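Here's a quick tour to read with the structure open beside you.

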Amino acid sequence: DKYTPRPEHRFSFGLWTVGNRGRDPFGAEVRPTLSPVEIVRLLAEVGAWGVNFHDNDLVPIDATPQERDRIVREFRQACEDHGIVVPMATVNLFFDPVFRDGAFTSNDARVRAYALQKTMRAMDLGAELGAKIFVLWGGREGTETDGCRRPDEAIKRLRDAVNFLCEYSLDQGYDYKFALEAKPNEPRADIYFPTTGAYLAFIETLDHPEMVGVNPEVAHETMAGLNFMHAVAQAWEAGKLFHIDLNDQLPGRYDQDFRFGSANPKAAFWLVKFLEDVGYAGPRHFDAHAYRTEDYEGVKDFARGCMRTYLILKEKAERWNADPEIQALLAEIKETDGEAFGKFSKETASALLARQFDRAALASKGLKYERLDQLTMEILLGVR
Ligand code: ASC
Ligand code: MN
Ligand code: MN
Ligand code: MN
């Protein structure tokens, strides 16, 4: 039907998402391991377009070069057999104990060097499989005690690492776009660069700012108590929305990574509407996982649900854009939305200084946003 995912929707999942085994800080795995090849088969079955991975989702950290080559060969074959592409790759700089106090920002220069080497190898791996986007999520780049280092030192270390990696990508001809992913906390008590906006400011200080953008995640911005769509809009407006991690999250909780749209469907609606209205053409990546209650079939329900909800909300956005009453309200709002002051000149400035404003009149008109929002709700609730 019309909610069936198709390749042009560019829906992707990480190996670690549908492959998530339900382990949490209080309990062990509840689902068996799926091999990368089995995950590719599952993704094809549910109708996804792409698969992404951290280096070690695909190749175990201690694999020999021979094992690596066999794994890559089999994975590539599975992707070809099932028509699944690899749009993005990333590096795991958080799981191994060596990164317990950070990777690129560690105080130990040997750890920083190892993190860089591991990332270069992950870039090699991604490039071999066709990835054009490389995500960096610094899960361990943070602190429990700020006695350990000054945060501005951490910023300098991260800059040195990203600059090095940009040069490596250029030198190898990989043509990567890097996408930096913010998160405020978890697994560290505090993580550096807690929001997408923080990364947007940092990017401008790099040697190759044009190669680096952001990968905002619904859950992460929501954990910080922020409006995710606003963060996405800022990234988009800056030309920096290189990738996106879709999932869902209730504010004030642990990192939930719920099925897309399942916690706050209204926020998900505004997000989908934004992405579709502006014509975002990148991958729609789901960085989420099934509830711990689920078995293999439940994992498929989870994955299908992410994509189906996206497509339902996309249809709702089209309905919103075509709704005559909503359009009439928007036209009313737009009525006095013209140029406010133009470009600065001595003339425009003195004209503006001389202008009289009737504040009371300006403040007296009802804006009908209650009506606008109720119409939105009725579309979302399926009665309009
Ligand atoms: C990533 C990414 C995250 C984390 C997390 C790992 O690469 O985007 O949010 O790693 O999903 O479990
Ligand atoms: Mn998350
Ligand atoms: Mn993520
Ligand atoms: Mn995550």
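Asp 57 counts as partly exposed, because it has 19 other C-beta atoms within 10 Å, and the cut-offs are 20 or more for buried, 12 or fewer for exposed, and partly exposed in between, with C-beta atoms placed from the backbone. This is a predicted model, so local features need pLDDT of at least 70 and side-chain atom pairs count only at pLDDT 80 or more, while totals for chains, interfaces and linings use all residues. Residues are numbered from 1 along each chain as its sequence is written, and chains are lettered from A and ligands numbered from 1 in the order in which they are written.

**The annotated active site**

- Asp 57 sits in helix α3 (residues 55–58); helices (H or I, at least four residues) and strands (E, at least two) are DSSP runs, numbered from the N terminus.
- Setting aside neighbours within four places in sequence, Asp 57 is in contact with Gly 14, Leu 15, Trp 16 and Gly 19, where contact means that the two C-beta atoms, placed from the backbone, lie within 7 Å.
- An unreviewed UniProt entry gives the feature "active site" to His 54 and Asp 57; such positions follow the numbering used here, feature names are shortened, and annotations may be inferred rather than shown by experiment.
- His 54 belongs to strand β2, and it counts as buried because it has 22 C-beta neighbours inside 10 Å.
- Not counting residues up to four places away in sequence, His 54 touches Trp 16, Thr 90, Val 91 and Asn 92.

**Around ligand 1**

- Which residues are around ligand 1? They are Trp 16, His 54, Thr 90, Val 135, Trp 137, Glu 181, Glu 217, Asp 245 and Asp 287, each with its C-beta atom, placed from the backbone, within 6 Å of the ligand.
- This shell splits into 3 nonpolar, 2 polar and 4 charged residues; Ala, Val, Leu, Ile, Met, Phe, Trp, Tyr, Cys and Pro count as nonpolar, Asp, Glu, Lys and Arg as charged, and the others, Gly among them, as polar.
- The "binding site" annotation from the unreviewed UniProt entry covers Glu 181, Glu 217, Asp 245 and Asp 287.
- Those annotated residues are spread over 107 residues of sequence, yet they cluster in space, with a largest C-alpha distance of 11.7 Å.
- You'll find Glu 181 in strand β6, and it counts as buried because 22 C-beta neighbours lie inside 10 Å.
- Leaving out residues up to four places away in sequence, Glu 181 touches Val 135, Leu 136, Trp 137, Asn 215, Glu 217 and Asp 245.
- Asp 287 is in the loop between β10 and α11, and it is also buried because it has 25 C-beta neighbours inside 10 Å.
- With residues up to four places away in sequence left out, Asp 287 touches a set including Gly 14, Glu 217 and Asp 245.

**The sheet**

- An open sheet of 8 strands runs in the order β8-β6-β4-β3-β2-β1-β10-β9, with parallel pairing; two strands pair if DSSP finds at least two bridges between them.
- At the edges are β8 (212–214) and β9 (245–246), each pairing on one side only.
- Strand β1 (residues 11–14) points Phe 11 and Phe 13 one way and Ser 12 and Gly 14 the other, and all are buried.
- β1 runs parallel to β10 (residues 284–286), joined by 3 bridges, and Ser 12 has His 285 as its bridge partner there.
- β1 also runs parallel to β2 (residues 50–54), again with 3 bridges; Phe 13 is partnered with Val 51 and Gly 14 with Asn 52.
- In β2, 5 of 5 residues are buried: Gly 50, Asn 52 and His 54 point one way, and Val 51 and Phe 53 the other.

**The nonpolar core**

- In soluble globular proteins, nonpolar side chains tend to be buried together.
- How many residues does the largest nonpolar core have? It has 91, where a core is a set of buried Ala, Val, Leu, Ile, Met, Phe, Trp, Tyr and Cys residues joined through C-beta atoms within 7 Å.
- Leu 43, Val 51, Phe 134, Phe 178, Val 232 and Cys 306 have the most contacts inside this core.
- Helix α11 (residues 296–322) supplies the largest share of this core, 10 residues.
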